[in-house]
Amino acid sequence: MQWRIAGTFAPYAKPQTMRAQTEAGIEQDLPVVGKVHARIGGEKFELTAFEGDSAQDLWIVFKDAMNGRESYGFRYIKAVRDTATNLVALNFNYAYNPDCAYTPYATCPLPPPGNRIAARIPAGEQVYETSVARRK
């Protein structure tokens, strides 16, 4: 399976705020800008998309079947949308572990319920070795 997946972005009329739980057990407010509709592993998903670095950038926190054994408990990807067509490329080859995988001094938002993917995504950053990882 290719891990560069096409999706469609459905933006909210105006950004909303989501109170997300973090790895550290505290809550954090994050700006949600819409949903990305995509088919991953044969299943349809509506992934919650957070505000990225610019108007066309999206940030997605996700969990897949590899997490906890072959990769950290969840990962992140950044996606760029075409602002004219709202098409999005979800390139899981660039998935990365959150900062909290490497240091106990970081707080990292956990994936929203809809961003839990049943399929294994064997792409992007996977196995990690740190003292933080070994204690989990």
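V80 stands opposite A89 in strand β6. Strands are DSSP runs of E with at least two residues, numbered from the N terminus. Another residue with a partner in β6 is R81, whose bridge partner there is V88. Two bridges join β5, residues 75–81, to β6, residues 87–91, and the two strands run antiparallel. Two strands count as paired if DSSP finds at least two bridges between them. Five residues lie between the strands of this hairpin, and N86 takes a positive phi near 60°.

The model is predicted: local features need pLDDT of at least 70 and side-chain atom pairs pLDDT 80 or more, while totals for chains, interfaces and linings use all residues. Residues are numbered from 1 along each chain as its sequence is written, and side-chain values use heavy atoms, leaving out hydrogens and water.

Strand β3, residues 43–51, holds T48. T48 counts as buried because its relative accessibility is 3%. Leaving aside residues up to four places away in sequence, T48 touches (heavy atoms within 4.5 Å) M18, V32, G34, K35, W59, I60, P112 and N115.

Notes: Helices (H or I, at least four residues) and strands (E, at least two) are DSSP runs, numbered from the N terminus. Buried means under 20% relative accessible area, exposed over 50%, partly exposed in between (1.4 Å probe, protein chains only).
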